[in-house]
Amino acid sequence: MTGLVVCAHGTRSEVGAARVSALVSAVAEALPSVDVREAHVDVHPPFLDDVVGPGAVVVPLLLAPGHHVHVDIARAAS
């Protein structure tokens, strides 16, 4: 998959999940020629490993670097 993967942690909160989806939708609307997809590294699908593919750019929606950024996202993006 080439394009942009917007990757959040994932949450059990319905409100939080809806807000992430709304943000991803807004990015997709702002970039109509780009394949924009939502992914998560934990808690619920769609999971990053199932969404990312060759040529994809992964943008983490995490507040601080840590294990998910340095290990999970870095591994999936490579």
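## Exposure terms and basis

Buried means under 20% relative accessible area, exposed means over 50%, and partly exposed lies in between (1.4 Å probe, protein chains only). The model is predicted, so local features need pLDDT of at least 70 and side-chain atom pairs count only at pLDDT 80 or more, while totals for chains, interfaces and linings use all residues. Residues are numbered from 1 along each chain as its sequence is written, and side-chain values use heavy atoms, without hydrogens or water.

Valine 57 belongs to strand E3 (residues 56-60); helices (H or I, at least four residues) and strands (E, at least two) are DSSP runs, numbered from the N terminus. With a relative accessible area of 47%, valine 57 is partly exposed.

Histidine 67 lies in helix H3 (residues 67-77) and counts as exposed, at 52% relative accessibility. Between histidine 67 and alanine 26 there are 41 residues in sequence and 27 Å in space, C-alpha to C-alpha.

## Helix H1

The end C-alpha atoms of helix H1 (residues 14-30) are 24 Å apart, in agreement with the 24 Å that its 17 residues should span at 1.5 Å a residue. That expected span is 1.5 Å times one less than the number of residues.

## The loop between E2 and H2

Proline 46 is in the loop between strand E2 (36-40) and helix H2 (48-51). The peptide bond that joins proline 45 and proline 46 is cis, with omega about 0 degrees.

Valine 43 is in the loop between E2 and H2. Valine 43 is not a glycine, yet has a positive phi of about 80 degrees. Its relative accessible area of 30% makes valine 43 partly exposed. Most residues other than glycine have a negative phi, and most peptide bonds are trans.
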